[in-house]
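Dear colleague,

Please find the structure below, handed over for your review.

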Amino acid sequence: MMLNPEGIPLGTNCTEAAPDPNAALRFEDLTIDDDLSLLDRVVRYVRSGIALQRLVHVKMIAETAKTVGTASTINTILPLLPTLILDQESIIRQHLAAQLLPLCLTCMFGDDENFDPQAFRKSRSAKNTENSSYKYNSEGYTIATLKIVHHINILITDPDMDVRKAASDALATLALYIKPQDIPSCILPTPLRLVQNIQNEKSGGPLQGQPGRPGTAGGPGAASNNNDDFCITASNLLADIASLDSTQVPPSMVAQYITPTIVALCKHSSFRVRRAAVQALPRVIGGSSMADVQENLMPCFIRLSKDEVYRVRKSVGECLVDMSRSLMLLPASLVDMGKPLSGPKRSKQIESFRLTLQEMRRNSLIPICTRLLQDTNKVV
């Protein structure tokens with residue numbers, strides 16, 4: 001039997017007969033051929049005309065990739081993705097998004113039988129990546145950070161919220177496994193470009209450079225709502241990235257790329273976007289420098305506590321505890337981000353940061369809390 005470049009079996013005349021959507025289903029169409037190998041089953045049934053069969057086998061993609069290794073994943077499984085990311089069923093796109101992170105790891109480390117994601121992340125946190133026993137597959141790394149990330153980017157602009165969330169989680173978690181120097185060029189452009197495209201969009205049409213998405217509603221009002229949804233997605237994604245380990249996303253990277261965008265979203269005309277920006281601030285602060293917190297992020301939080309829309313003020317009140325916790329955990333993080341300190345020197349540096357942030361809590365968060373308690377809207 002011959003295979004086409006996507007690894008899909010061809011007929012005797014070397015052509016593929018597309019299933020007729022109007023044809024009645026036969027019993028054979030509903031059954032799974034158990035004689036096929038795991039890889040052949042996935043290749044055949046993710047292209048099935050039956051949504052349930054596609055869903056079941058999409059959820060098997062990561063397991064199959066790990067079983068067959070990097071080479072077969074690149075040559076056979078990856079060519080299936082362009083069609084799947086445009087599947088008409090949102091549940092299939094959602095589960096596909098969840099499969100893309102382990103698919104990336106298989107491409108980057110699939111030939112290493114001893115690869116353990118948790119151990120890899122611990123080695124990154126311990127700042128001993130130079131001595132790490134894990135080595136990237138150079139071809140697989142390039143494919144993961146270019147081709148698979150491109151598919152994730154498309155799913156992040158999906159009209160379905162659950163699909164966007166699954167794709168955002170995959171992209172943010174991928175940042176823990178790639179080279180730190182590649183994060184600005186591979187991970188961050190996705191949410192930054194999403195916000196920039198919307199800010200530049202004058203006509204209310206679809207995002208520039210994006211293919212037609214299944215289930216997209218028309219009309220100016222729908223376009224406006226979609227743009228707000230994309231800004232909310234970008235806000236949450238940027239917050240997730242900022243909160244990652246400082247060995248991967250240092251405060252300088254947060255200050256250069258993430259803080260300016262979050263500050264802009266705090267001034268957005270839509271209260272839904274401002275509310276999402278408020279909810280992102282505690283996580284962004286957790287990965288920021290002292291100067292960034294004092295000069296940019298805390299002033300935004302204070303300003304939004306006086307927002308004209310009560311829903312935004314309510315979100316500020318709900319985030320007070322998280323904000324206070326982030327400020328109190330920040331001193332140890334700031335010390336560990338720099339040159340390693342131990343003993344009295346480390347304790348002294350932590351105490352210095354702690355006193356500064358304690359004063360910030362006292363001078364900023366307590367007045368906010370008092371003002372919100374006196375708010376005219378009882379919901380706040």
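**Salt bridges and cysteines**

Aspartate 307 and arginine 274 meet through their side chains in a salt bridge, at 2.8 Å from N to O. This pair connects distant parts of the chain, 33 residues apart: arginine 274 belongs to helix H15, while aspartate 307 sits in the loop between helix H16 (290-304) and helix H17 (310-337). Both partners are buried: aspartate 307 has a relative accessibility of 11%, and arginine 274 has one of 8%. Please bear in mind that the model is predicted.

The search of the whole structure returned 10 salt bridges; two further pairs are described here.

Arginine 272 forms a salt bridge with aspartate 228, with 3.9 Å between the closest N and O atoms. As a salt bridge requires the nitrogen to lie within 4 Å of the carboxyl oxygen, the pair qualifies at 3.9 Å. Arginine 272 lies in helix H15 (residues 271-286) and aspartate 228 in helix H13 (residues 220-242), so the contact ties together parts that are 44 residues apart in sequence. Arginine 272 is partly exposed, at 25% relative accessible area, whereas aspartate 228 counts as buried, at 12% relative accessibility. Through salt bridges with shared partners, Asp228, Asp229 and Arg272 are joined into one network.

Aspartate 169 forms a salt bridge with lysine 165, and their closest N and O atoms are 2.8 Å apart. Both residues belong to helix H10 (residues 161-174), where they are 4 residues apart, about one turn of the helix. Each is partly exposed: aspartate 169 has a relative accessible area of 30%, and lysine 165 has one of 48%.

Turning to the cysteines, the search of the whole structure found 0 disulfides. Cysteine 186 takes part in no disulfide, and the nearest cysteine sulfur, which belongs to cysteine 104, is 8.1 Å away. Cysteine 186 is buried, at 9% relative accessibility.

Cysteine 300 is itself buried, with a relative accessible area of 2%.

With kind regards

Methods: Residues numbered from 1 in each chain as written. Predicted model: local features only at pLDDT ≥ 70, side-chain atom pairs only at ≥ 80, totals over all residues. Heavy atoms only, no water. Helix = DSSP H or I, 4+ residues; strand = E, 2+ residues; numbered from the N terminus. Buried < 20%, exposed > 50% of the residue type's maximum accessible area, 1.4 Å probe, protein only. Disulfide = S-S within 2.5 Å.
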